[in-house]
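Here is a short briefing on selected contacts and packing.

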Amino acid sequence: MKNIFFITCMFTAITFTGCVDDDDDLLSGEISSGVEILPENKPNDVVEPKLFDIINLDYPGLEKVKSFYEAGEHYYAAHALLEYYRNRTNVTNPNINLINPTISVKDQRIADQALEYRFYVRGFYESIDENKVETYYSFFDNNTKKIDWTAHQDTETDQEFRYQRHRHQWMLPQAKAYRISKDEKYIQSWIETYSDWLATYPYEPGTQFPPAGGSENDKDYEWKGLQVAERVLSQIDIMAYFIHSPNFTPEWLSTFLTAFEKEVECMRLNYYQEGNILLTQAQAVATAGILMPEFKNAEQWTNEGLQKVGVQLDEQFNNDGVQFELDLSYHIGAVSDFRSIYLLTQANDKMSLLPGNFTDKLKAATEVVMNTIYPDYSLDNFNDTRSSSYAKSTLLNRLKEYVAMYPNDQELLWMATERKSGKEPTHLTQSYDNSGYYILRNGWKKESTMMILKNHNYKEWHSQPDNNTFGLYHNGRNSSRMQVYTLTVVTTAQNSQQL
């Protein structure tokens, strides 16, 4: 075992000056060849013991971790693992930018309100002012001086409120805020809150829940469906933003990674049978495998997740390219999920694990978006489509993402650049026969006229029984959605005329 210098608070700057010739040696952790600087040792029990059961100690780059572990020095093993994660370059996460991080005004507000235990739960807020600035619900109980994860359930009775608060949607904004400001209050808030959540909602490894549906949705929903999937997807990014903080200690790393592995394995035991939730679960499992290859089960996570993504590619989209629930907002969301997988596998040399028709099927789905956007860059509310969630800027951002994937598509480029580049599409009709959307237009410019008619036979969850509904756009104005009726006028018992 290498010689170890224990650095404690008793050492003074003079002592350091006498020990080394170059200050850079202190920063690198090396004094001279074969001699390493380490913090003061701590008992093994400060580290989650399961950590070394779930990490592949033979993974390239973890040689120090394995050496310390085999020597019985668990704290030093966790310390070496932390240093590895701080310096690794073997994976690429296309979701984050650590060099020039940015944060939106809304995310900054979310991060700051979370410091006061006002946690962002998507779609819900305590109040909103005239400038549309939201104040989120407080989850702090002033009587007990603790976080109350069940707060406000008596007033917010929508089941989505119960589900979404367990997706921890304020934690990634806090991580971004920390990366930009380096203010330790953000990571301290995260550690406190996530630790409390883990203690409040423990998961016994291996627990398998009954299939989702009915009353089962009201039990253990903290560990079901999108709750777990969204946590896993965000935690990978959160870790990258926070990892260099002095508050991200070897002890916390062991807690975080052990909990992370539980979340992934919980998903694998509790996949949904079908639908958009299964897709997000598969995406999360595959992402965990690709970006956290140090776990023993990482290769299995990658292969299993991508295999399910491939199956979902065929099941999520009808033969005409429309998402099977016929809801345009779910369609755009599904395209974004598949796009994320595409970018992730591309960045990490894993595209060979995707099905051969992946890019072609995804291309057809992006064209559906282009064809159903009105010339003023708006969507209609067919079925459960939440058109208000898709402002012009949002739709333009989605189109720009599609262009980045398919740079040779001049029609997509024309739409994505607001008609400034590329070529105007020439087709004036589009028929999605399998899904029941029919589009007529006399052009693609803002002053053009465009109509979308809905007439389908599907009875999916987000598909509503309003066949023959159509939307009409003309010269910058959208009509209210209208219904086409068939009226039969009876003239005689033997003769009728249909109008």
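How many residues apart are Glu367 and Lys363 in helix H15, and what does that mean in helical turns? They are four residues apart in H15 (residues 358–372), so about one helical turn separates them. The model is predicted. A search of the whole structure finds 20 salt bridges. The points below take up some of them, then turn to packing.

**Salt bridges at Lys363**

- Glu367 and Lys363 form a salt bridge, and their closest N and O atoms are 2.7 Å apart.
- Glu367 is partly exposed, at 29% relative accessibility.
- Lys363 has a relative accessible area of 18%. The cut-off for buried is under 20%, so Lys363 counts as buried.
- Lys363 also meets Asp409 in a salt bridge, with an N to O distance of 2.5 Å.
- Asp409 and Lys363 are both buried.

**Salt bridge between Glu418 and Lys392**

- The side chains of Glu418 and Lys392 form a salt bridge at 2.7 Å, N to O.
- Glu418 lies in the loop between H17 and strand E8 (429–432), and Lys392 lies in helix H16. The pair therefore ties together parts that are 26 residues apart in sequence.
- Glu418 has a relative accessible area of 30%, which makes this residue partly exposed.
- Lys392 is partly exposed as well, at 38% relative accessibility.

- Helix H6 spans residues 105–114, and its buried residues include Asp107, Ile110 and Ala111. Gln113 and Ala114 in H6 are buried too.
- Strand E5 (134–135), helix H8 (171–181) and helix H9 (184–200) are among the elements that cover the buried residues of H6.
- Thr258 belongs to helix H11 (residues 250–269).
- Is Thr258 buried or exposed? With a relative accessible area of 6%, Thr258 is buried.
- Leaving aside residues up to four places away in sequence, Thr258 touches Glu48, Lys50, Leu51 and Ile54.

- E8 pairs with strand E9 (residues 437–441) in the antiparallel sense, over four bridges.
- Thr429 stands opposite Leu440 in E9.
- The two strands, E8 and E9, form a hairpin with four residues between them.
- Gly436 lies in the turn and has a positive phi of about 85°.

**Packing of H8 and H9**

- How do H8 and H9 pack, and what is the angle? Their axes are 8 Å apart, and the angle is about 155°. An angle over 145 degrees counts as roughly antiparallel, so H8 is roughly antiparallel to H9.
- The crossing of H8 and H9 is left-handed.
- On the H8 side, the residues that meet H9 are Met171, Gln174, Ala177, Tyr178 and Ser181.
- Their partners in H9 are Glu184, Tyr186, Ser189, Trp190, Thr193 and Tyr194.
- H8 and H9 also take part in covering the buried residues of H6.

Technical notes:
Residues are numbered from 1 along each chain as its sequence is written. This is a predicted model: local features need pLDDT of at least 70, side-chain atom pairs count only at pLDDT 80 or more; totals for chains, interfaces and linings use all residues. Side-chain values use heavy atoms; hydrogens and water are left out. A salt bridge is a side-chain nitrogen of Lys or Arg within 4 Å of a carboxyl oxygen of Asp or Glu. Buried means under 20% relative accessible area, exposed over 50%, partly exposed in between (1.4 Å probe, protein chains only). Contact means heavy atoms within 4.5 Å. Two strands pair if DSSP finds at least two bridges between them. Axes are lines fitted to C-alpha atoms, for helices over the stretch in contact, and angles run from 0 to 180 degrees between N-to-C directions. Angles under 35 degrees count as roughly parallel, over 145 as roughly antiparallel, 65 to 115 as roughly perpendicular and the rest as oblique. A crossing is left-handed if the near helix is turned anticlockwise from the far one by less than a right angle, and right-handed if clockwise.
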